[in-house]
Structures are given as C-alpha cells and as structure tokens.
Amino acid sequence: MEHGARSHAKYSASNAHRFLRCAGQVALTSRVPPRPASAASDEGEKAHELLQRSLLGEKVDKEATPDMLAAFEVVHDFLDNLYISRGPHLVVQIEQPFRFPQEIVPADDAAGIADIMVLDYAEQEAWSIDFKYGAGVAVEAERNPQLMFNAVGRLWRVPIRRVTCVVIQPRITHHPKGAVRQWSCGPLELAEFQAEIEEAIAAAERAEGALPEHLSHHLRPGPWCRWCDAETVCPARERGALAAAYGEPALARQLDGIGLPAPADLGLDRVAHILRHSDMLTTWLRAVENYAKEQMMSGRKVPGHKLVEAQARRQWNGDPEAIAARLIDLSGRNLDWDDVMPRELLDITKAEAKLVEIARSAAPKGGKDKASRAARDALAFLTLRQSSGNLVLVPEHDARPAVDRAATMFAGVALPPLGP
C-alpha cells in the first residue's frame, strides 16, 4: 500500500503524540485544509514504500537512491540479527492494519497501520518497529506514543510479557544512541498507556463539541505542534509566541508601530525563557510565511503583501565541456582545463557512503554491521575533526560538553581579591 494514499484515522498512531497533549488539536485540524506535501515528505513517503517492497522480497535497486538503499540495509540488518539471535520461529508482520481497543468513538476512528511488528510467541515478546527516513529531527524510542499505540493496537489480544519499541533512523548520525534506538516495557505500562489514550480521545471529543469561541481553551501549544496541519492558524500557538517575546499575552495589533524589546533590556531570565521557546517562535513564523505564500498563489490577497519573482541567478547555458573549451579560447589559452573544470577530492560523507556500500555488499549475511564499522574505522585514519572555533547555543540537556570561553582565555591569570 502506498503511504501517501493511506487514509489516516481520526485518532491515529502518527498523531497520538499530539492529541495526547493537545485536546483541541483534532477539532482544529478538521477545520483547515491539509498541509501541502513537501519535497522532504514526498521523499519520506517514497522511502517507506520502497522499504516495504524490499522487506517483501522485491528488488528496488533501480528505484531507490543510494541513501535509501543504505538506510534499508540498516533495517534488514536489524531484522537479520534478530532472526539469528532468536531463531526461525519469529513472525514478522509488514504494514498490518489494526484498530485501537476503546469504546469512545467508532472503531475505524481509532486505528492505524504498523510499519513492522515482530513477534516471538515462544518467549511472549514483541518488537514494535518504526522506520524514520528523516535526517532533521531525531525521534526517540523511549515512551514513543506512535510505537506504543501500534503495540497496543496489534497485541492487545496476544499474551505478551515484553514489548520493545524500536526507532530505526539511519540518516541521523549524531545521536548518542546511534541510528537504532530501543526501549522496552511490560504489559502494565501498555495498559496505562491504553488508558491515557482513551482519556485523551474523550477529552478531544469534548473539545470537538465545544463552541468555536471556546475551542482555544482546549489547545495547548508545544513541540508537538511541528508539522500539525493547524500550526499556522492555532490561536493558542500565536498567543504563546507573542507571550514568549513580551512576557505576557499580547494582541497582534499591539506590535504595530512598537516593535520587539531590545535583548539588552530583557534580563537573562527573560532571555532564557525566550530561548526555551525559540523553536516555537521560528517555526511558527516560518509556517505563517509559507501559509501566506500558498494563499496568495491560490489567488487570495494578504493585506500589505505581494508575490514577486525571486532575483534571477546566472547559470551556464550549454554542455559543460563545450563551455569549458570556449572559456579557454576566450582567455587566449591563459586558462587550462584544471582552471575551468577543477577536479577535487570526493566529499567525506559521500566517500564514506560509497565505502560502506561496497563493504556491505561483500559481507556475508549477518556480518554487514561489522563490515560497515570496519569501513568507517578505516576511513577515520584519513580524516580529522577540526573545530571552526565557532560556538553554538544549545539547550542544557545537549550531550556535548559546555565551553567556557572566558575561563579558557583567562586561564592562569591571577586576579586581586575583591573587597576592602
């Protein structure tokens, strides 16, 4: 089944992390058009479809990009290693539909399709697996609502004593837990999660029955707003963005002719508060701009704004080698081929991908992970990490060690004691 063609239930696994935290999200989303597809989302849909086909034994080499094929190998390796360690009695289910057990809304309104589910009936264990092709935002496995939703929906009639939620995100290379992240739970935690979902559905249904002017009381903005269809029209999100900047709920019209406060006038506590909400502010403003463009491209007017052609950039017109030869002629032969078509060493990331691909293709089944690590270790002797010296501001929970530039600059400097 094509992922893009699948119809999502009103309460689906992929949306569980939102309606668990924002009771009004489902009602508000139903009143706005769906978010238009982006190049990244289209690429993700294609990667999921090709992965599904490859897991079912089809050859997809001619349709998938090298990055996709490398990502698929990570999924295949995980399943192969699971098969080797557990035995041939494992049952692997691909793209299996289910209904979430609840009695609040019609059965088809709370449902989903699990990417990959692996069952070990002998040991009463299961693995709820989700493939993420995105390279921008790392998805965590611990208490992942989508994977737990899938596990409850697929396994609520199966005697299971342990479920492992698995996120496989091969293009996220900087995560301290690696590309494959796992978290396990027992039946009690799944039962508690099932109760949370039922309470969230009941709250969302109450929000849907509220008067339009009262719906904002059921909206709660946060990180889960990312990629929500109602992101740009959510009144609670707008109030939150203004509150983060001004420190109090402010009407949008109050910004006209006033401007934002100067950073030096905020105080460090206010600066810290704004930084904690910076992602919400920037993504919301970007989403509003994109929404305005979409509306104007469809013929609607946004007061005070217009669409214009982007500044044209020059580009070569013709065959590159023919242009290079002409450039050499125009220079009076003072330029040569290396001047006009310079050769350069392959990018490190691309070189690593090619070496890993070659190593994996030559490795026996079950040994592909080891071959990948060996190829990366060999490449490490040809590279070094050299800091640019620039500092990046990140939240305190980031795994990287803090840098105290002042302490480094004044190390060894003895300062006189303060006081009389």
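How many residues of strand β4 (residues 125–131) are buried? Seven of its seven residues are buried, so the strand is mostly covered. Buried means under 20% relative accessible area, exposed over 50%, and partly exposed in between (1.4 Å probe, protein chains only).

This is a predicted model: local features need pLDDT of at least 70, side-chain atom pairs count only at pLDDT 80 or more, and totals for chains, interfaces and linings use all residues. Residues are numbered from 1 along each chain as its sequence is written, and side-chain values use heavy atoms, with hydrogens and water left out.

**View 1. The whole chain has 14 helices and six strands.** Helices (H or I, at least four residues) and strands (E, at least two) are DSSP runs, numbered from the N terminus. Of the 420 residues of the chain, 35% count as buried. Take the contacts with a separation of 6 or more: residues 24 or more positions apart account for 63% of them. Contact means heavy atoms within 4.5 Å.

**View 2. Strand β4 has buried residues on both sides.** Glu 125, Trp 127, Ile 129 and Phe 131 point one way. Ala 126, Ser 128 and Asp 130 point the other way, and all are buried. Five bridges join strand β3 (residues 110–120) to β4, and the two run antiparallel. Two strands pair if DSSP finds at least two bridges between them. Asp 120 stands opposite Glu 125. β3 and β4 form a hairpin with four residues between them. In the turn, Gln 124 has a positive phi of about 55°.

**View 3. Strand β5 (residues 162–168) pairs with both β4 and β6.** Seven bridges join β4 to β5, which run parallel. Here Trp 127 has Thr 164 as its bridge partner in β5. Six bridges join β5 to β6, and this pair runs antiparallel. Thr 164 has Ser 184 as its bridge partner in β6.

**View 4. Side chains alternate along strand β6 (residues 180–185).** Which residues of β6 point to the buried face? They are Arg 181, Trp 183 and Cys 185.

**View 5. Helix α5 (residues 145–155) crosses helix α6 (residues 187–208).** Two packed helices are described by the angle between their axes and the distance between the axes. The axes of α5 and α6 come within 10 Å and cross at roughly 100°. That makes α5 roughly perpendicular to α6. Axes are lines fitted to C-alpha atoms, for helices over the stretch in contact, and angles run from 0 to 180 degrees between N-to-C directions. Angles of 65 to 115 degrees count as roughly perpendicular, under 35 as roughly parallel, over 145 as roughly antiparallel and the rest as oblique. From α5, Pro 145, Met 148, Phe 149, Ala 151 and Val 152 make the contact. From α6, the contact is made by Glu 189, Leu 190, Phe 193, Gln 194 and Ile 197.

**View 6. Gln 146 lies in helix α5.** Gln 146 counts as buried, because its relative accessibility is 18%. Leaving aside its neighbours within four places in sequence, Gln 146 is in contact with Ala 13, Ser 14, Asp 130 and Lys 132.

**View 7. Phe 98 and Phe 149 form a tilted aromatic pair.** A search of the whole structure finds five aromatic pairs. Rings of Phe, Tyr and Trp (its six-membered ring) pair if their centres lie within 6.5 Å; planes under 30 degrees apart count as stacked, over 60 as edge-to-face and the rest as tilted. Phe 98 and Phe 149 are 6.0 Å centre to centre, with 55° between the planes. The pair links distant parts of the chain: Phe 98 in strand β2 (residues 91–99) and Phe 149 in helix α5, 51 residues apart. Phe 98 and Phe 149 are buried.

**View 8. Phe 131 and Tyr 133 form another tilted pair.** Their rings are 6.2 Å centre to centre, with 40° between the planes. Phe 131 counts as buried at 1% relative accessibility. Tyr 133 is buried too, with a relative accessible area of 3%. Phe 72, Phe 131 and Tyr 133 form one aromatic cluster.

**View 9. Arg 143 has a positive phi of about 50° although it is not a glycine.** Arg 143 sits in the loop between β4 and α5. At 49% relative accessibility, Arg 143 counts as partly exposed.
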